[in-house]
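Let's take a walk through this protein together. Have the structure open and follow along as we go.

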Amino acid sequence: MPLSLQNQTLLPGRNFIGGEWCGSADDRTLSVADPATDEVFAAVPDSTAADARRAVDVAHAAFPAWRKTPAKQRAQIIKRWNDLIVSHVEDLGRLISREQGKPLAEGKGEVLYAASYVEWFAEEATRADGDVIAAPVPGRRMLALREPVGVIAAITPWNFPAAMIARKIAPALAAGCTVVCKPAEDTPLTSLALVRLAEQAGVPPGVLNIVTASRERAAEVVDVWLDDARVRKITFTGSTPVGKHLARRSADTLKKLSLELGGNAPFIVFDDADLDAAVDGLMVSKFRNGGQTCVCPNRIYVQDKVHDAFVDKLAARVGALVVAPATNPAAQIGPMINARAVDKIERHVKNAVSRGARVVIGGERIRNEQCPGPNYYAPTVLVDVDASMDCSCEETFGPVAPVTRFSTEADVVAAANATPFGLAAYFYSNDVRRIWRLADALESGIVGINEGALAAEAAPFGGVKDSGYGREGSRYGLEEYMHIKYVCQGLLD
Ligand code: ADP
């Protein structure tokens with residue numbers, strides 16, 4: 001069934017290059033499927049290297065004028081973009097839910113979350129001040145000026161089709177950069193809708209360009225950008241192997257990079273914690289978007305004394321989750337994004353069980369009258385999980401909560417850090433000395449203490465180690481799109 005929106009212009013089904021909506025150079029298309037049914041309901045261009053090059057040509061040509069546009073004027077355009085996103089929350093929410101599968105309430109929540117970044121960076125645009133430096137020698141005036149880096153390339157994943165675009169494009173525009181973007185192949189429609197609204201908000205032609213492509217052609221498109229010295233920065237959210245590939249491939253042109261990559265978040269519950277709050281925090285952080293977020297707890301450590309009580313409370317809550325298509329207003333967990341995703345979840349659970357883990361609840365695919373499609377997996381709790389299991393080493397990216405019992409703080413800190421990843425970490429404790437010990441000891445870019453919902457436009461989001469580098473959101477997020485120019489004037493006296 002085709003998707004009908006109140007504002008059908010949000011479904012252009014085309015690339016946007018230099019202010020024009022256009023097909024791919026060879027007219028090939030990419031089908032977009034509903035993850036609830038695998039039914040194809042839309043098509044977008046499957047772009048080529050020629051499309052990618054043209055996007056850079058126009059973005060490069062548009063840069064000098066956009067850069068010189070006063071920050072206040074850029075801010076007004078970005079603010080209008082925010083207003084349009086907010087006023088289209090219904091349509092955009094439905095679009096996200098349809099192509100990504102998250103329940104409608106979460107889809108609409110994501111729209112407002114995305115808009116919060118757009119609004120934030122509209123405001124930050126006017127505060128990108130430089131410094132006047134106290135000169136160490138007489139007769140000189142020394143300045144540190146901030147400048148936009150130039151054309152930036154944004155490559156985004158499918159799990160937050162609106163928020164990932166907003167978090168990258170809004171700060172780029174605010175800084176005075178121009179943009180070429182390739183959204184994820186599973187969820188290209190939301191990004192096209194957001195670009196349509198940016199056009200309506202008054203973003204000038206050439207400043208924001210987007211090309212869609214299939215997974216087969218992703219590298220063809222992105223390689224053009226990696227090799228082109230006019231592209232000065234890559235901002236990427238996705239898997240660690242692709243992030244490392246982008247870092248390697250952009251070395252020859254020494255681009256600036258922001259890489260927000262995979263995670264393997266620990267969630268630690270100490271026996272002095274508020275147990276109900278810990279269960280609440282885990283439900284929010286683990287099961288949002290069906291467990292398909294890079295900050296999802298992937299390893300849950302519970303201290304001996306409270307282990308059994310915690311697991312009982314958790315299993316009761318997990319058993320009550322409603323699994324259903326996004327269109328069902330009661331839905332709390334939708335379908336996974338595609339067959340590859342469900343296969344991975346199934347493989348992780350089977351591997352854990354074969355190595356001695358026990359399924360407390362769930363542990364299987366769901367296909368029934370309420371969930372008639374192929375991509376549903378039951379919310380699951382596993383216990384007796386250990387570090388040798390695949391689910392402890394890799395992101396499961398699904399609604400599976402694997403619980404490991406621990407005895408001492410030293411043991412659990414060592415276990416939590418025994419991973420190449422370092423995006424988010426969570427712990428629950430009421431011991432103030434332990435709280436600060438742990439906040440220091442955990443090797444991750446983000447730490448949640450007695451809190452499961454951490455993301456906010458005002459906060460710096462990003463990782464360490466194999467989870468990447470660079471920060472999105474907050475005042476640090478704007479710096480990623482700017483460099484500092486030192487200007488020194490002599491002969492003042
Ligand atoms: P996931 O496994 O979650 O899909 P990926 O890292 O594979 O994560 O994908 C994230 C983004 O990177 C998507 O937009 C995808 O098209 C893009 N991508 C995947 N492979 C490549 C590649 N070789 N070169 C450039 N971009 C890629």
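Which residues have the most contacts inside the largest nonpolar core? Keep in mind that we're looking at a predicted model. That core has 63 residues, and the ones with the most contacts inside it are Trp-81, Ile-85, Leu-92, Ile-152, Ile-169, Leu-173 and Val-179. Pick out Ile-152 and look around it. Setting aside its neighbours within four places in sequence, Ile-152 is in contact with Ala-172, Cys-177, Thr-178, Val-179, Val-180, Lys-233, Thr-235 and Tyr-481. There's also a second, separate core, this one of 54 residues, and Leu-275, Phe-310, Leu-382 and Val-383 are among them.

Now zoom out to the domains. The chain is split into domain 1, made of 8–261 plus 467–486, and domain 2, which covers 265–456. Their C-alpha centres sit 31 Å apart. Where the two meet, 25 residues of domain 1 and 27 residues of domain 2 take part in the contact.

So what does that meeting place look like? Together the domains bury about 2000 Å² between them, with 54% of it on carbon and sulfur atoms. On the domain 1 side, Ala-36, Trp-158 and Ser-467 supply 24% of the area buried against domain 2, more than any other three residues. Polar contacts are another story: 10 residue pairs make them across the interface, both partners having pLDDT 80 or more. Two helices, H3 (89–100) and H4 (104–125), each give two or more residues to the side of domain 1 that touches domain 2. H4 gives the most, with four residues.

Conventions:
Residues numbered from 1 in each chain as written. Predicted model: local features only at pLDDT ≥ 70, side-chain atom pairs only at ≥ 80, totals over all residues. Heavy atoms only, no water. Core = buried A, V, L, I, M, F, W, Y, C linked by side-chain atoms within 4.5 Å. Buried < 20%, exposed > 50% of the residue type's maximum accessible area, 1.4 Å probe, protein only. Contact = heavy atoms within 4.5 Å. Domains from an automatic or database assignment. Buried area = accessible area lost by both parts, 1.4 Å probe. Polar contact = N/O pair within 3.5 Å; in protein donor to acceptor, adjacent residues only side chain to side chain.
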